[in-house]
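Subject: The structure, and some notes on it

Hi there,

Here is the structure I promised to pass on. Please have a look at it first, and then read my notes below.

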Amino acid sequence: MSSPARLSVFRLSSTALGIACGTGAAFCWAAGFVAARQGIEVGLTPADLALHRFAWAGLFLLPLMLSGRTEGFGGIGWRRAIALTLAGGPPLAIISYSGFILVPLGHGGVIQPSAAALFGLLYARVVLRESLPRERLVGAAVIVIGLCVIGFEAISTIGRHGLLGDFLFVAAGCCFATFAMLVKLWHVPPARATMIVSVVSLADIPIHWALFGFDHMISLGFAENLMQALAQGVLAGAGAIWLFARAVFLLGAARAAVFTALVPLFTLLIGAAFLGEMPTLTQLAGLVVVLIGFRMAQRG
């Protein structure tokens, strides 16, 4: 095989691997949403789920942090490490999981990623001083229209508390966008940011023990807690971030960003398959509008 042919095959395989990683990251994030909804239904609290989301990863990564190879949290210092944790750690998780107490799975699966994209565009322009092409701004406006469709359903079919649930997902999306903005602003590699947040989030263990104890979690059984540890800590946590970071490396940031648009779709599909939560026509209409907006915002 000639050298150009070998290079062509390599590029093809790298692209295919990047696509697989991006799709896998979206699937893992969606699976975390579905598992969180299921956990809320069986009696786990948002604080319980947040503990599963970060504690296991933190315990696994703590020896690496203590080894000295990541002195000073990789050079970013304690203040920035705490700021990253406040934006992307347990507070974000608790806000997000609380939304599932008030509204169906479809709302969280669509609203939170969409809000993260919107606030990400805002931070890119205001904080990072990046230019925003007109098509990207139009895409953002279309996403807002889709969110309004879903919000209208919350008011008309669920009541005012449904709108509160949607607002919680908007707030969670804002937190995630803040975390992503800080990572980019401070030039923190995604894998290192994951390690920092996970280790600092170990402070949630004594806080949870003092405020709530562990009896309630234990009473729900080993199988349920193991499932949440795997879904939140492994899939939606370290697994999704590693896969997405790999997709960025193989495809570039702009092309990898397209895969975040798959999270709402995967959330609805997995939720329908495993929880029997069928999306309403209004939710589907809002999803379609949001996906169109996602695509426009990422092409601009």
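Let me start with how a bend is worked out: the bend at a residue is the angle between two fitted axes, one for the seven residues ending there and one for the seven starting there. Helices here are DSSP runs of H or I with at least four residues, strands are runs of E with at least two, and both are numbered from the N terminus. On that basis, α2 bends by about 35° at leucine 59, and proline 63 follows within four residues. Helix α2 covers residues 46–66, 21 residues in total, and its first and last C-alpha lie 29 Å apart, close to the 30 Å expected at 1.5 Å a residue. (The expected span is 1.5 Å times one less than the number of residues.)

A word on the source: this is a predicted model, in which local features need pLDDT of at least 70 and side-chain atom pairs count only at pLDDT 80 or more, while totals for chains, interfaces and linings use all residues. Residues are numbered from 1 along each chain as its sequence is written, and side-chain values use heavy atoms, with hydrogens and water left out.

**The chain as a whole**

The chain has 15 helices and zero strands. Of its 300 residues, 48% count as buried; buried means under 20% relative accessible area, exposed over 50%, and partly exposed in between, using a 1.4 Å probe and protein chains only. Taking contacts (heavy atoms within 4.5 Å) between residues at least 6 apart in sequence, 87% join residues at least 24 apart. The chain exposes about 14,700 Å², with carbon and sulfur atoms supplying 72% of it; areas come from the Shrake-Rupley method with a 1.4 Å probe, and for residues only the protein chains shown count as cover.

**Salt bridges**

How many salt bridges are there? The count comes to two, where a salt bridge is a side-chain nitrogen of Lys or Arg within 4 Å of a carboxyl oxygen of Asp or Glu. Arg37, Glu41 and Glu277 are linked in a network. Glutamate 41 pairs with arginine 37, their closest N and O atoms being 3.5 Å apart. These two are four residues apart in helix α1 (residues 3–42), so about one helical turn separates them. Glutamate 41 is partly exposed at 48% relative accessible area, whereas arginine 37 is buried at 14%.

Glutamate 277 also forms a salt bridge with arginine 37, with the closest N and O atoms 2.7 Å apart. Because glutamate 277 lies in the loop between α14 (262–274) and α15 (281–299) and arginine 37 in helix α1, the pair ties together parts that are 240 residues apart in sequence. Glutamate 277 is buried, as is arginine 37.

**Helix α12**

Glutamine 228 lies in helix α12 and is buried, with a relative accessible area of 0%. Beyond its neighbours within four places in sequence, glutamine 228 contacts several residues, including Ala35, Gln38, Leu49 and His52. Leucine 226 is in α12 too (residues 222–251), but is partly exposed at 39% relative accessibility. Leucine 226 belongs to a nonpolar surface patch with Phe222, Leu230, Val234 and Leu235, which has about 480 Å² of accessible area together. Patches are made of residues with over 30% relative accessible area and no salt bridge; like charges are joined within 9 Å, and nonpolar side chains (Val, Leu, Ile, Met, Phe, Trp, Tyr) within 5 Å.
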